[in-house]
Amino acid sequence: MNMVSSVQTAKKLSGSLVPSPAAAKPLAVVGGVLAIVAALLPWVTFRFNDGPYPELATLQFFDAPLQVTGFRLHLLLFGVAAVAVALVPKVPGRGRVLRALGWGVFAVSLVTTVFIVGLGGGLGAATAADGASAFGGIVGVLAGLLLVLSAAATGVGEVPRWSTDVPKPVAWLALLLAFACVLYLVSLTLTAGGLGGASNPYAGPVFLAFLGMAGGLLGALNGVGLVKWISVLSERHRGFSIVVLLLCALALPLTEAGTDYWMTVATTIGVYAATAIGLNVVVGLAGLLDLGYVAFMGVGAFVGANLSGAAAAKLGITLPFPVAALVAAVIAGIIGAIVGSPTLRVRGDYLAIVTLAFGEIFTRSAQNDIGGLTGGPNAIPGIPAVSIGGTAFNQPLEVGGLELPGGVLYYFMIVLVVGAVMAIFANLKNSRIGRAWIAIREDEDAARAMGIKTGRAKILAFLTGATLAGLAGAIFAHKLGTASYDSFKFLESVTLLAAVILGGMGTIPGAVLGAALLFVLPEKLREFSDYRLLIFGLALVFIMRFRPQGLVPDRVRRAELAGETAEGKSIQQVEEALVAEQESVDHAPERDAKGDRS
Amino acid sequence: MTALAQDTAHPVLEARGVTMVFGGLTALNDVSLRLDRGKIVGLIGPNGAGKTTFFNCLTGLYTPTKGTVLLSGRRLAPDPSEVTIAGVARTFQNIRLFPNMTVLENVLVGRHCRMRQGPIASLLHGPSFRREENAAKQRSRELLAFVGLASAEDEIARNLPYGDQRRLEIARALATDPKVLLLDEPTAGMNPQETEAARQLIFAIRDTGVSVVVIEHDIKFIFGLCDSVSVLVQGELLVEGRPEVVRADPRVIEAYLGKPPEEIESETRGAAEQDKREKP
């Protein structure tokens, strides 16, 4: 019955486009087979140049089927999976799986095809030209669409729930495996396409195609119910999960991503993730839209730089890094509280404008070197690297025969810092103070009527967020070796805000994922620097249109924006049940005319 | 609840000559009200008579132009959070829950002003933090059971049916351990069964030692509930007294109902409904 009602829902949504349920299986099989065919077909009518990507993408240099690698391998596997899911009886959440696989195939094919057309100089590159034909891309896109159609015909029901009553060892093993897979996926994602740059024009498309694959894979796993199962298990074995997750994060240098470059990227992501979590306190919990937030990170960076003993620093005070970072955090926090206090009298849009102005004041002051503490346009260069016992954090490390890349200590440090920031966020959220923040976000007057001193609570939110940003800023300056006003402009504030909203307001994994995406994408799309912001903006628009609740939504946020209740039932079903109930009440004989429940 | 023991000389809540002027408009003119311990006082009056304005003056949302509000003889500061901390809780005419929090979380927010955890304790989640948190949760669950929402604690407040939202608002207000509870139209939009349940709930609240002020349009409801009724007309206190006295007062009948006494019984219901339909 569930299945039928959701099919009806799907039909209502997209009109006559959705084929009948009977067509679901053939559509899925055809789509899957087409995806396999696409993987084996040539994709380009001529040879781009030397290198692994185009070589395998052309007709004459492609040795199918033995050398199926990269995006072709992903398409092949997705195709096989789709056929299997279509033919095997009783696959849980079949519709969702097919839909995820379909969009995955579609995204991989579309990204690759668009890239080939764009770089190959026209449609001929991906169809037929010079006596050669290459329809792999078009077949792939078609396969993806067919799979999505078959998913619509199957009907997308609720995510199936698996029993979570498993013995402890099984749960632990499952969690261990799951987190190891996450680690593997993260390292693959980071390194997918290699370093972006002039020498490697394929970094962007390979990375985007990989993201499409990863999204499809995670969607399919979620569709079967696996993701939910793991998340329930990890919630139940919280301590164990945290330890394993931390270990996995610390193990990243041992994977393919264990090079200087990726350590730097990962550290930068960590810095922005910590900042984004801080912003999440202000925006996600307390609902105070802060458009000048990156200024606090800047305060932390400049304070840290001035206390680092850099030659350009005016103060001439040299403090050990932990002390300097703490001082930076505290000063940023104090400034946060000071900035917060005049904003107490403004709400909503007005608050956003006041904070925007503050951010601008900070950038301009730093640019003009007011007080001589920021170095102006020259920045403060030459901040010495953090070191412990003579080991500089930016040097490679060798521990018992294990060679670790340069910057690995910075990475370890930021992992621990992000872990601590996460703990701070989670603890505050589940406390009297966190509830007060959320209450203010929901209804400030009602919050005051409940005895909450809203002014104090708001200042505390600003203070907490600014402290975290200041800490991240100090680490940022030391890692980078310079502190420049350039790094703390309005655009950074907006990007951080986008990271929070994109990832999912009020959640920790959301902020981390959002920060990772927003700061890796530009890195990977370096070759397309002209179109980088365009692609970036388009991606944001699409994600906000199709997943307004964010990538990892809060339970309640999901309920609010995705038309689902907290238990994941669709609002439509709930409403239908309510209408039915109402009707039965309406027919009750003792009904009084006065009881009009409008 | 400890406050119950002290100070029996003063009424628990007293408003003296409250006047509220908005620009050139006098919304309230010299309104006084006296609420004795363990009593229920009703506040009635036609639309626009200033009932909600009076509530807002009592709870500190507005600062009265003239006059004072006393709780057990002590002056209340005109600040909503201070008033709530002192022991006056309220509900709102148009329900104002925290829509995206769960039912239990809504009530826990009500416990806020009776909890002591500071920022450091909230960061560290130590043993005393957990004790207080568990105690607050337990008290909140008791209150939810008291208003009949025990099974709904994990629901999102916004998804509750209308009547349950009203009850949740009362539970949230009770969570602040008030001496006085101000209810702004607690039965608006309810059917007769729900109204009767609300009446029983208010009696039960009174029996726990909380004094109650109720604004209502449903005159039958008010007269069956209150120990004393005040009638507010165009910002002025017209009459106050025991329900049967107020009910028979010709000025009330004229100002509020505009009908001769013989017809009150039959028309009262109609007038109340008329009012309701005019409300948004």
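Which residues make a nonpolar surface patch of about 580 Å²? The views below start there. This is a predicted model, where local features need pLDDT of at least 70, side-chain atom pairs count only at pLDDT 80 or more, and totals for chains, interfaces and linings use all residues. Residues are numbered from 1 along each chain as written, chains are lettered from A, and side-chain values use heavy atoms, leaving out hydrogens and water.

**View 1. The patch on chain A.** A:Tyr531, A:Leu534, A:Leu538, A:Phe542 and A:Phe546 make it. Patch members have over 30% relative accessible area and no salt bridge, with nonpolar side chains joined within 5 Å. A:Tyr531 sits in helix 21 (residues 529–546) of chain A; helices are DSSP runs of H or I, at least four residues, and strands are E runs of at least two.

**View 2. Inside the largest nonpolar core.** Here 159 residues come together, and A:Trp437, A:Phe488 and B:Phe98 are among those with the most contacts inside. Such a core joins buried nonpolar residues through side-chain atoms within 4.5 Å, where buried means under 20% relative accessible area (1.4 Å probe, protein chains only). Helix 11 (residues 260–285) of chain A gives the largest share, 16 residues.

**View 3. Around A:Phe488.** Leaving out residues up to four places away in sequence, its contacts (heavy atoms within 4.5 Å) include A:Met297, A:Phe362 and A:Phe476.

**View 4. A strand residue in chain B.** B:Ser228 belongs to strand 9 (residues 228–233) of chain B. It counts as buried because its relative accessibility is 17%. Beyond its neighbours within four places in sequence, B:Ser228 meets residues including B:Ile40, B:Gly42 and B:Pro243.

Conventions
Buried < 20%, exposed > 50% of the residue type's maximum accessible area, 1.4 Å probe, protein only. Patch = residues over 30% accessible without salt bridge, like charges linked within 9 Å, V, L, I, M, F, W, Y side chains within 5 Å. Areas by Shrake-Rupley, 256 points an atom, 1.4 Å probe, with all protein chains shown as cover. Salt bridge = Lys/Arg side-chain N within 4 Å of Asp/Glu carboxyl O.
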